[in-house]
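Subject: Structure handover

Hello,

Here is the structure you will be working with. My notes follow below it.

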Amino acid sequence: MRKIHYGWIILCLCFLALLAVQGVRLSFGAFIPSWEQEFSTTRANISLIATVSFIVYGISQPILGKLIDTFGVRKILAYSAFVVGMSTVLTFFVTSFWQIIILYGIVASIGFGGASNVAAAVAVTNWFQRKKGLALGMMTAGMSAGQLVIVPLCLYLIDWLDWKMTVLILGSFLVLVIFPLLLLFLRTSPLEMGIEPYGGINNEQKQARKVIERTPKISTFSIVFSKPFMFLALPFMICGYTTTGLIDTHLISFSHHHGFSTGVTGAAVGLLAAFNIIGTLSSGIIADKFSNRKFLALLYALRSVTILLLLITDQWLLLFVFAVAFGLVDFATVTPTTMLASDLFSTHSLGLVLGLLSLCHQLGSALGAYIPALLYDMTGGYGMALLSAIGLLLIASLMNLALPKGTHDVKKTSNLVS
């Protein structure tokens, strides 16, 4: 019987970590109605928690990216899951709105930053030389799976029990199950076990590594203000505005605003998450074969078309059509973005570069969570927020087309029709 390479176990652990931790983060929208009632406050104030969370999450990314390079993925990912779990458990005891801001908006968000796709992507990149795009797609699908499992679960638990029992159950699962698994079995790289990554290392890759080791490292300042980074980071910021900011935070509220029941809303979120998994897995396969630059531009353009559906949604069937279409292009952007970053910035710390990109994504998410809430309070609907998202996505698509070609892009660009 052929022995399973440990890289696949690493992939499963990263998948499970993202499912659990990011599932908790993405379930924020499920708590908005309960917290509005519990603390007698407005939707804009509740959305401020998400805004603070996205900012803290974002700022933590480049810092944690450097810490990953220093202490390894295992410690950062495991202890971050523990921080999220304990913060979620302590939310059970809150009595004031400001305590939610501290526990969720600040403390848990630092944990979200550590147990994110940045840490997981570093691990997967270290463990896979062959089928790297597929592995990154499967890893990213963990966030989609979290959306599929945790968000609907939260909706039903809140409806069946209450929001306090829901956070107690979620937090306990992270502390008692996820944290020990990661601490015991996760490894940062194959070198810790004295084995080669999946697919091995061929002579061409060995020579490339020697070239990288001899190449002077470029400064963080030079990276941030370079054209490749700006034309990759700004679209990724728009990505955050339109996904975790706008849709993941407000879709449940949008659905309730249109009079859809909890059952319909939960089904729509579940559909979005299910097709998100399909989209991220497909994205990984495509990223291995085609131009990531053009593929990413196509994803942003298609996402703008899906959001148009929400402008005309007045029946549950159209809501389900949106959920399917948006799910296919939601987290699908992560894999080509990660592969472009590892290609264009191969001479720099991958953890830091991915952390800086994630910071941009979370700043966009913060704006995407708060601005639509303000526009909702001002206009009584989400129309203006949806129109702004469509325009920004078209800009993101054009910026990605203007990216310089990396080595992977040069090899694969002929496979994707312009």
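**Helix α2 and what follows**

Just after α2, S40 adopts a positive phi of about 50 degrees. A word on the source: this is a predicted model, in which local features need pLDDT of at least 70, side-chain atom pairs count only at pLDDT 80 or more, and totals for chains, interfaces and linings use all residues. Residues are numbered from 1 along each chain as its sequence is written, and side-chain values use heavy atoms, with hydrogens and water left out.

Helices here are DSSP runs (H or I, at least four residues), numbered from the N terminus. Helix α2 covers residues 28–39. Its 12 residues should span 16 Å at 1.5 Å a residue, and its end C-alpha atoms are 16 Å apart, which agrees. The expected span is 1.5 Å times one less than the number of residues.

How much of α2 is buried? Of its 12 residues, 9 are buried, so α2 is largely enclosed by the rest of the structure. Buried means under 20% relative accessible area, exposed over 50%, and partly exposed in between (1.4 Å probe, protein chains only). The buried residues are F28, G29, A30, F31, I32, S34, W35, E36 and F39. Their cover includes α1 (6–26), α3 (43–71), α5, α7 (132–160), α8 (163–185) and α11 (227–257). Contact here means heavy atoms within 4.5 Å.

**Helix α3**

L48 sits in α3. L48 is partly exposed, at 32% relative accessible area. L48 and H250 are 202 residues apart along the chain, and their C-alpha atoms are separated by 13 Å.

**Nonpolar patch**

Y79, F82, V83, M86, L90, F93, W98, I102, I106, V107 and I110 make a nonpolar surface patch of about 950 Å². Patch residues have over 30% relative accessible area and no salt bridge; nonpolar side chains (Val, Leu, Ile, Met, Phe, Trp, Tyr) are joined within 5 Å, like charges within 9 Å. A salt bridge is a side-chain nitrogen of Lys or Arg within 4 Å of a carboxyl oxygen of Asp or Glu. Areas come from the Shrake-Rupley method with a 1.4 Å probe. Helices α4 (73–90) and α5 (97–114) each supply at least two of the patch residues. Y79 lies in α4 and is partly exposed, at 43%.

**Cysteines**

The structure holds 0 disulfides (pairs of cysteine sulfur atoms within 2.5 Å). For C360, the nearest cysteine sulfur is that of C239, 12 Å away. C360 is buried, with a relative accessible area of 13%. C154 is buried too, at 0%.

Best regards
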